[in-house]
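Thank you all for coming. I would like to walk you slowly through one structure today, so please have it open as I speak.

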Amino acid sequence: MADIKEITLKVTGMTCGGCEKAVEEAAMSVEGVQSANASHADDSATIVYDAESTDPMFITMAINETHYKVEE
Ligand SMILES: [Cu+2]
């Protein structure tokens with residue numbers, strides 16, 4: 001059984017669509033993430049994930065391995 005949840009993270013450092021794509025790809029690399037939509041205008045990333053498979057902590061860690069940072 002999947003337990004689909006959505007979270008919006010505050011992500012700093014994005015300046016263009018390429019940055020958004022990098023953040024989205026980092027999030028999508030986490031098993032259990034179903035979609036990722038980043039916005040440099042809003043400094044945000046909205047992630048849809050299966051809470052049975054992953055946790056926002058893992059998504060945050062993946063994004064923090066890029067040039068961009070999740071703010072608490
Ligand atoms: Cu950019």
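This is a predicted model: local features need pLDDT of at least 70, side-chain atom pairs count only at pLDDT 80 or more; totals for chains, interfaces and linings use all residues.

Let me begin with E25, which is partly exposed at a relative accessible area of 47%, where buried means under 20% relative accessible area, exposed means over 50% and partly exposed lies in between, with a 1.4 Å probe and protein chains only. Residues are numbered from 1 along each chain as its sequence is written, and side-chain values use heavy atoms, with hydrogens and water left out.

The side chain of E25 meets that of K21 in a salt bridge, at 2.8 Å from N to O, the term being used for a side-chain nitrogen of Lys or Arg within 4 Å of a carboxyl oxygen of Asp or Glu. K21 is also partly exposed, with a relative accessible area of 48%.

The structure holds two salt bridges, and another pair to look at is K5 with D3, whose closest N and O atoms are 3.9 Å apart. Here K5 is partly exposed at 40% relative accessibility, and D3 is partly exposed at 29%.

Let us turn to the strands. Strand β1, residues 4-12, pairs with β3 in the antiparallel sense over seven bridges, where pairing requires that DSSP finds at least two bridges between two strands. I4, for instance, has D50 as its bridge partner in β3. Strand β2, residues 33-39, also pairs with β3 in the antiparallel sense, over six bridges, and A38 has its partner at A45.

How many residues of strand β3 are buried? Six of the seven residues in β3, which spans 44-50, are buried, and the strand is mostly covered. In the hairpin of β2 and β3, with four residues between the strands, D43 takes a positive phi near 55°.

Finally, the copper ion is coordinated by the SG atoms of C16 and C19, at 2.0 to 2.1 Å; donors are N, O and S atoms within 2.8 Å of the metal (3.2 Å for Na, K and Ca), and since water is not among the atoms, sites may look incomplete. C16 is partly exposed at 35%, whereas C19 is buried at 8%.

Terms used. Helices (H or I, at least four residues) and strands (E, at least two) are DSSP runs, numbered from the N terminus.
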